[in-house]
Amino acid sequence: MLTQRYLKAHTLTARTITKARCSAPKLSLHRVFTTREAIPRSLLETNAKNERRAYTSIISPRSAAAIDPSSQHDPTTQPEAHVKCIARARIPTPHGPAFLHLYHNNRDAKEHLAIVMDSAQFSDGPMIAPAIRSASLDSAWEEETTMERLIRGAYTGRLTEEVRTPSTPQSDVSRTIAAVIPPPLVRIHSECYTGETIGSMRCDCGEQLDEAMRQIAQPITISTAPGVSQTIPGRGAVIYLRQEGRGIGLAAKLRAYNLQDMGHDTLSANLMLGHGADERSYEVAAAILGDLGVTEPLNSIANTSQARGIRLLTNNPAKVQAMSAAGINILERVEMVPRSWQCDHDHGHPKPSALHGVRDAAATMIGTGAAHSADLDKYIKAKVEKMGHMLSVPPSAKFIRKPLQRQG
Ligand SMILES: Nc1nc2c(ncn2[C@@H]2O[C@H](COP(=O)(O)OP(=O)(O)OP(=O)(O)O)[C@@H](O)[C@H]2O)c(=O)[nH]1
């Protein structure tokens with residue numbers, strides 16, 4: 001009954017129906033209805049067996065793509081993604097200093113971000129690894145004064161009252177020397193107001209953002225000459241995309257949460273709302289990585305034939321596919337393991353590690369602990385079992401050990 005009432009009250013917007021109608025030839029499995037047609041009562045039945053059939057009949061093209069990939073929108077019809085870094089500033093974080101880059105792009109009006117962790121740039125000595133710098137930020141902008149360059153963040157080293165060194169379009173590259181340098185660790189992360197700002201325990205987004213920054217900042221030991229090793233600061237970036245709620249926006253995500261409270265999971269709730277399981281795209285992220293130079297050839301470094309690319313911190317196959325399609329070389333995929341599982345791994349029961357304890361509260365703020373809740377178990381379970389996330393689930397994982405208890 002809940003679903004029936006919900007559908008009557010809300011879902012069938014003209015936009016949703018029209019979009020579904022446009023894609024009708026491709027929707028081989030699902031009949032599509034126009035706004036003028038009555039929705040057959042059978043499609044609004046709400047028992048668990050026919051629920052899926054009901055909602056897939058009113059889905060948008062993107063929803064259809066979740067079920068029938070052949071109905072997916074062709075990305076080649078979109079203009080090639082271009083980005084420009086508008087401003088950059090040093091942000092001290094619990095994991096070390098970061099440079100926050102704010103980007104504009106030609107695909108949407110959102111201000112996507114790159115959190116670059118590369119603290120070697122603060123030192124005056126030779127840099128072992130190439131600096132991760134934005135080419136569009138360092139480029140010469142028209143009729144710009146030195147002070148304007150400094151204010152928008154186009155400087156090298158650290159900006160102080162005494163030291164103000166504007167960057168040049170080739171800043172820092174000449175300071176690099178030969179070494180076997182691991183590729184930068186990169187996370188492509190989507191905005192989650194609830195998980196990252198107010199501590200929602202429905203998802204692991206806050207923890208993942210914090211864990212990504214922690215892992216990227218870990219020092220790296222490299223070989224600089226035969227028999228000689230050296231430790232350098234960790235380097236990499238979090239590309240922070242303003243794609244709240246897997247692209248459906250905060251309002252729709254909150255509605256999806258109410259559907260989840262009524263028994264749906266993170267995927268089926270999206271579909272019930274007429275959205276795709278995941279409406280994100282990653283072309284802008286790839287363009288930002290290109291701007292940061294992590295995809296360019298390493299020809300500035302002598303005596304090395306290293307492949308250029310990234311280590312990508314994700315369990316999401318869509319991100320891996322999207323990066324590869326955009327020409328980003330993924331040299332390694334690094335699994336994003338929930339912190340509570342890391343604690344569980346040893347003996348099959350919670351064992352807080354030295355790095356972070358399991359808390360009842362989620363890791364909402366950067367620098368805190370592991371997220372832990374029944375809602376979160378359900379969310380991760382749906383991502384692994386229904387959305388194809390590539391995550392080795394330990395036998396001790398809570399959603400495997402015992403059925404979830406409903407809350408409230
Ligand atoms: N629609 C919807 N979005 C959610 C829900 N829970 C979290 N999100 C959003 O899901 C997105 C999580 O994205 P990412 O942090 O990039 O992670 P991911 O796609 O799960 O993949 P990983 O890289 O493996 O972590 C954010 O945009 C969140 O706002 C939910 O229940 N419904």
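Which residues does I288 touch, not counting residues up to four places away in sequence? They are V83, Y103, H112, A114 and I239, where touching, or contact, means that C-beta atoms placed from the backbone lie within 7 Å.

Before going further, please keep in mind that this is a predicted model, in which local features need pLDDT of at least 70, side-chain atom pairs count only at pLDDT 80 or more, and totals for chains, interfaces and linings use all residues. Residues are numbered from 1 along each chain as its sequence is written.

**The chain as a whole**

The protein chain has 15 helices and 11 strands; these are DSSP runs numbered from the N terminus, with helices being H or I of at least four residues and strands E of at least two. Its average pLDDT is 76, and 67% of the residues score at least 70; pLDDT is the predictor's confidence in each residue, from 0 to 100. Over residues 1-73 the pLDDT is below 50, and this stretch has 89 contacts in the model beyond near neighbours in sequence. Residues 401-408 also have a pLDDT below 50, with 8 such contacts. For the complex, the predictor gives an ipTM of 0.98 and a pTM of 0.77.

Of the 408 residues in the protein chain, 38% are buried. A residue is buried if 20 or more other C-beta atoms lie within 10 Å of its own, exposed if 12 or fewer, and partly exposed in between, with C-beta atoms placed from the backbone.

In soluble globular proteins, nonpolar side chains tend to be buried together. Here the largest nonpolar core holds 54 residues, and I115, A237, I239, I288 and L289 touch the most other members. Apart from it lies another core of 7 residues, including L259, A269, L273 and A277. A nonpolar core is a set of buried Ala, Val, Leu, Ile, Met, Phe, Trp, Tyr and Cys residues joined through C-beta atoms within 7 Å.

**Around the ligand**

Which residues come nearest to the ligand? Of the 24 around it, they are S190, C192, T314, N315 and N316, where near means a C-beta atom, placed from the backbone, within 6 Å. The shell divides into 7 nonpolar, 11 polar and 6 charged residues; Ala, Val, Leu, Ile, Met, Phe, Trp, Tyr, Cys and Pro count as nonpolar, Asp, Glu, Lys and Arg as charged, and the others, Gly among them, as polar. Strand 6 (185-190), helix 8, helix 9 (250-261), helix 10 (266-272) and helix 14 (374-386) each supply at least two residues of this shell.

Helix 8 spans residues 205-217, and 12 of its 13 residues are buried.

**A few residues to look up**

D377 lies in helix 14 and V320 in helix 12 (residues 317-325). V320 touches L312, T314, I330 and R333, not counting residues up to four places away in sequence. E143 sits in the loop between helix 5 (135-138) and helix 6 (146-151), while R246 is in the loop between strand 9 (235-241) and helix 9. Neither is a glycine, yet phi is positive in both: about 45 degrees for E143 and near 50 degrees for R246.

| Residue | C-beta neighbours inside 10 Å | Class |
|---|---|---|
| E143 | 6 neighbours | exposed |
| V320 | 18 neighbours | partly exposed |
| R246 | 24 neighbours | buried |

Methods
Two residues are in contact if their C-beta atoms, placed from the backbone, lie within 7 Å. The expected span of a helix is 1.5 Å times one less than its number of residues.
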